[in-house]
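Happy to have you here!

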Amino acid sequence: MTALVLLLAVVAILGAGVAVGLSRRKRNPFTNQQFVNEWEQRMRALEASLGWRFVAEDQGFQERVPQIGRMLEADRSRVKFQLVGHWRGVPVLAVEVVFRADNVVTSEYRTYTVVVVPRPMPGPWVLISPRNDSVWGVFEQFVTTGDPAFDARYEVRRKNPAFAPALLNSGLAQALLHDPRANGVAIAFDEHNLAAAVPGPLLQAPLGHLADLLLDVAGRVPWQALPRG
């Protein structure tokens, strides 16, 4: 009798394990061949339209934009997909990443697409993010710029108190307000790179518009005239 009870217990445990495995398999879209084929077709079409290529090797996103990279909490598995290439003659990296939804311990995550280009001149860190996007609350308290229209749409976080006002007063604030490509976009001036981030997966993001926005920003900023350090 005891042997029978043990046997039934083992069978029950094995059955539960199989059920869990099957449920996880169903939740993972990459176990669905139809999904994989459709995803690959869309990725190949995106590669062809942009002239970029999908890569599996780590492209060092966290090292290129360390301020944003730390939002991944050292978990490289949260960098999902990567595209590399050139845009208007400038090297570009596009990644799909997963961020926590806010700055507290939570199980809620959001998918973002980030486009990265080199910064023409190294310098202090500044983050310009949409006011209604709480994911950027992980950073220190934002500061107001004194421009009511700009402050109503964006939050500005910075480390160097002199650099951010000089940057925005160079005409950048007004340019962002009147550029439809900047709507809903967070722009990070990291030490050596510029990044634009939007909610949503890589295959749905306006990658070309984001790359153009960053390169236009880089081209209009008077880097030599701004404070350094």
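This is a predicted model: local features need pLDDT of at least 70, side-chain atom pairs count only at pLDDT 80 or more; totals for chains, interfaces and linings use all residues.

Q: Why is glutamine 62 called buried?
A: Its relative accessible area is 13%.

Q: Which residues does glutamine 62 touch, not counting residues up to four places away in sequence?
A: On that count, glutamine 62 touches Gly69, Leu72, Ala74 and Arg76. To count as a contact, heavy atoms must be within 4.5 Å.

Q: Let's move on to arginine 78. Where is it found?
A: Arginine 78 sits in the loop between helix H4 (66-69) and strand S2 (79-87).

Q: What makes arginine 78 buried or exposed?
A: The relative accessible area of arginine 78 is 8%. The cut-off for buried is under 20%, so arginine 78 is buried.

Q: What makes the pairing of arginine 78 with glutamate 73 a polar contact?
A: The two side chains come to 2.5 Å, and the limit for a pair of N or O atoms is within 3.5 Å. A polar atom of the arginine 78 side chain also lies 3.0 Å from the backbone oxygen of methionine 71. Among the residues that arginine 78 touches are Met71, Glu73, Phe99 and Tyr109.

Q: How do you know that the span of helix H7 agrees with its number of residues?
A: Helix H7 (residues 207-220) has 14 residues, and at 1.5 Å a residue it should span 20 Å. Its end C-alpha atoms are 20 Å apart, so the two values agree.

Q: Why is H7 called largely enclosed by the rest of the structure?
A: Ten of its 14 residues are buried, which is why H7 is described that way. The buried residues include Leu207, Leu210, Asp212 and Val217.

Q: What makes strand S7 covered on both faces?
A: In S7 (residues 186-189), Ala186 and Ala188 on one side are buried, and so are Ile187 and Phe189 on the other.

Q: How do you know that S7 pairs with S5 and S8?
A: Pairing takes at least two bridges. Three bridges join S5 (residues 126-130) to S7, and four join S7 to S8 (residues 193-199). Both numbers meet the cut-off, so S7 pairs with each of these strands. S5 and S7 run antiparallel, as do S7 and S8. Isoleucine 128 stands opposite isoleucine 187 in S7, while alanine 186 has alanine 197 in S8 as its bridge partner.

Definitions and conventions:
Residues are numbered from 1 along each chain as its sequence is written. Side-chain values use heavy atoms; hydrogens and water are left out. Buried means under 20% relative accessible area, exposed over 50%, partly exposed in between (1.4 Å probe, protein chains only). Helices (H or I, at least four residues) and strands (E, at least two) are DSSP runs, numbered from the N terminus. A polar contact is a pair of N or O atoms within 3.5 Å; within protein, one must be able to donate a hydrogen and the other to accept it, and residues adjacent in sequence count only if both atoms are side-chain atoms. The expected span of a helix is 1.5 Å times one less than its number of residues.
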